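Biologist: I'm new to this one and would like a close look at a single part of it. Could you take me through how the helices there sit together?

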Amino acid sequence: MTDLIDRLNAALDEDERIAERINFSGHWVIDLNGEWPIGAEQRMLDHVMRHDPTRVLRQVEGARKILARHQPDAEWCGSCAEQDDYDNLFIVWPCPTILALAEMFGVEP
Ligand SMILES: [Zn+2]
(Lines give C-alpha, C1' and ligand atoms only; values in the text may rest on other atoms or scores of the structure.)
Protein backbone atom coordinates (compact mmCIF):
# COMPACT_ATOMS: atom_id res chain seq x y z
CA MET A 1 0.00 0.00 0.00
CA THR A 2 2.68 2.46 0.94
CA ASP A 3 4.49 1.75 -2.31
CA LEU A 4 1.80 3.63 -4.24
CA ILE A 5 1.93 6.47 -1.70
CA ASP A 6 5.71 6.60 -2.01
CA ARG A 7 5.56 6.66 -5.81
CA LEU A 8 2.86 9.33 -5.80
CA ASN A 9 4.88 11.44 -3.38
CA ALA A 10 7.97 10.97 -5.57
CA ALA A 11 6.03 12.14 -8.65
CA LEU A 12 4.69 15.17 -6.76
CA ASP A 13 8.15 15.99 -5.39
CA GLU A 14 9.61 15.79 -8.90
CA ASP A 15 6.95 18.06 -10.42
CA GLU A 16 7.42 20.51 -7.56
CA ARG A 17 11.21 20.44 -7.85
CA ILE A 18 11.12 21.12 -11.59
CA ALA A 19 8.54 23.92 -11.25
CA GLU A 20 10.44 25.58 -8.40
CA ARG A 21 13.72 25.49 -10.35
CA ILE A 22 12.20 28.03 -12.70
CA ASN A 23 11.86 30.44 -9.76
CA PHE A 24 8.95 32.19 -11.38
CA SER A 25 5.88 33.94 -10.05
CA GLY A 26 2.99 34.98 -12.22
CA HIS A 27 1.92 33.52 -15.52
CA TRP A 28 3.87 32.84 -18.65
CA VAL A 29 3.36 35.09 -21.61
CA ILE A 30 4.84 34.14 -24.94
CA ASP A 31 5.32 36.66 -27.71
CA LEU A 32 4.87 35.06 -31.11
CA ASN A 33 6.89 37.89 -32.64
CA GLY A 34 9.93 36.78 -30.68
CA GLU A 35 12.41 34.20 -31.88
CA TRP A 36 11.57 31.54 -29.33
CA PRO A 37 10.08 29.00 -29.50
CA ILE A 38 10.85 28.48 -33.15
CA GLY A 39 8.02 26.96 -35.15
CA ALA A 40 5.57 26.90 -32.29
CA GLU A 41 1.96 27.44 -33.18
CA GLN A 42 -0.39 29.51 -31.07
CA ARG A 43 -2.31 26.45 -29.91
CA MET A 44 0.95 24.93 -28.61
CA LEU A 45 1.84 28.15 -26.86
CA ASP A 46 -1.63 28.38 -25.35
CA HIS A 47 -1.07 24.97 -23.83
CA VAL A 48 2.37 25.85 -22.47
CA MET A 49 1.12 29.12 -20.97
CA ARG A 50 -1.81 27.34 -19.34
CA HIS A 51 0.54 24.87 -17.64
CA ASP A 52 3.03 27.31 -16.19
CA PRO A 53 4.96 26.54 -12.98
CA THR A 54 2.43 28.39 -10.84
CA ARG A 55 -0.29 26.03 -12.01
CA VAL A 56 1.94 22.98 -11.52
CA LEU A 57 2.67 24.04 -7.94
CA ARG A 58 -1.05 24.50 -7.26
CA GLN A 59 -1.76 21.05 -8.65
CA VAL A 60 0.96 19.50 -6.52
CA GLU A 61 -0.41 21.23 -3.41
CA GLY A 62 -3.95 20.07 -4.17
CA ALA A 63 -2.80 16.53 -4.90
CA ARG A 64 -0.96 16.39 -1.57
CA LYS A 65 -4.14 17.43 0.24
CA ILE A 66 -6.11 14.71 -1.54
CA LEU A 67 -3.43 12.14 -0.79
CA ALA A 68 -3.31 13.16 2.88
CA ARG A 69 -7.08 12.73 3.16
CA HIS A 70 -7.25 9.35 1.41
CA GLN A 71 -4.74 7.37 3.44
CA PRO A 72 -5.09 3.63 3.99
CA ASP A 73 -6.70 2.47 7.23
CA ALA A 74 -5.97 -1.25 7.32
CA GLU A 75 -7.14 -2.31 3.86
CA TRP A 76 -9.69 0.48 3.53
CA CYS A 77 -9.49 4.12 2.54
CA GLY A 78 -9.82 6.10 5.77
CA SER A 79 -11.67 8.95 4.08
CA CYS A 80 -13.99 6.96 1.84
CA ALA A 81 -14.77 4.56 4.69
CA GLU A 82 -15.91 7.50 6.83
CA GLN A 83 -18.14 8.79 4.07
CA ASP A 84 -19.85 5.44 3.67
CA ASP A 85 -19.92 4.44 7.32
CA TYR A 86 -23.69 4.91 7.55
CA ASP A 87 -24.20 2.22 4.95
CA ASN A 88 -21.44 0.11 6.45
CA LEU A 89 -19.82 0.12 3.03
CA PHE A 90 -16.07 0.47 3.03
CA ILE A 91 -13.97 1.33 0.02
CA VAL A 92 -10.84 -0.74 -0.45
CA TRP A 93 -7.62 1.25 -0.63
CA PRO A 94 -6.45 2.50 -3.08
CA CYS A 95 -9.86 4.07 -3.51
CA PRO A 96 -11.09 5.51 -6.84
CA THR A 97 -9.89 8.97 -5.79
CA ILE A 98 -6.31 7.77 -5.28
CA LEU A 99 -6.42 5.75 -8.49
CA ALA A 100 -7.52 8.87 -10.38
CA LEU A 101 -4.78 10.89 -8.69
CA ALA A 102 -2.20 8.28 -9.68
CA GLU A 103 -3.45 8.39 -13.26
CA MET A 104 -3.18 12.19 -13.29
CA PHE A 105 0.47 12.02 -12.30
CA GLY A 106 1.37 9.01 -14.43
CA VAL A 107 1.87 6.61 -11.53
CA GLU A 108 0.89 2.98 -12.07
CA PRO A 109 -1.24 1.59 -9.23
ZN1 LIG B 1 -10.55 7.45 -0.62
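In what kind of crossing, left-handed or right-handed, does α1 pass α3?

Modeller: The crossing of α1 past α3 is left-handed, meaning that the near helix is turned anticlockwise from the far one by less than a right angle, while clockwise would be right-handed. Before going further, bear in mind that this is a predicted model, in which local features need pLDDT of at least 70, side-chain atom pairs count only at pLDDT 80 or more, and totals for chains, interfaces and linings use all residues. Residue numbers start from 1 along each chain, as its sequence is written.

For orientation, the chain has five helices and two strands, and from the N terminus on they run α-α-α-β-β-α-α. Helices here are DSSP runs of H or I with at least four residues, strands are runs of E with at least two, and both are numbered from the N terminus.

Back to our pair. The axes of α1 and α3 come within 9 Å and cross at roughly 160 degrees. That makes α1 roughly antiparallel to α3. The axes are lines fitted to C-alpha atoms, for helices over the stretch in contact, with angles from 0 to 180 degrees between N-to-C directions; under 35 degrees counts as roughly parallel, over 145 as roughly antiparallel, 65 to 115 as roughly perpendicular and the rest as oblique.

So who meets whom? From α1 come Ile 5, Leu 8, Leu 12, Asp 15, Glu 16 and Ala 19, and facing them from α3 are Pro 53, Val 56, Leu 57, Val 60, Ala 63, Arg 64 and Leu 67. Sorted by class, this contact holds 10 nonpolar, no polar and three charged residues. Contact means that the C-beta atoms of two residues, placed from the backbone, lie within 7 Å. As for the classes, Ala, Val, Leu, Ile, Met, Phe, Trp, Tyr, Cys and Pro are nonpolar, Asp, Glu, Lys and Arg charged, and the others, Gly among them, polar.

In α5, which spans residues 96-104, the buried ones are Ile 98, Leu 101 and Ala 102. They share a side of α5 because they cover an arc of only 100 degrees around the axis, going by the directions from the helix axis to the C-beta atoms. Pro 96, Ala 100 and Glu 103 are exposed on the other side of α5. To count as buried, a residue needs 20 or more other C-beta atoms within 10 Å of its own; 12 or fewer make it exposed, anything in between partly exposed, with C-beta atoms placed from the backbone. Across the chain of 109 residues, buried ones make up 14%.

In the loop between α4 (78-83) and α5 sits Pro 94, joined to Trp 93 by a cis peptide bond with omega about 5 degrees. Glu 75 itself belongs to the loop between β1 and β2. At the other end, α5 is followed by Gly 106, whose phi is positive, near 70 degrees.
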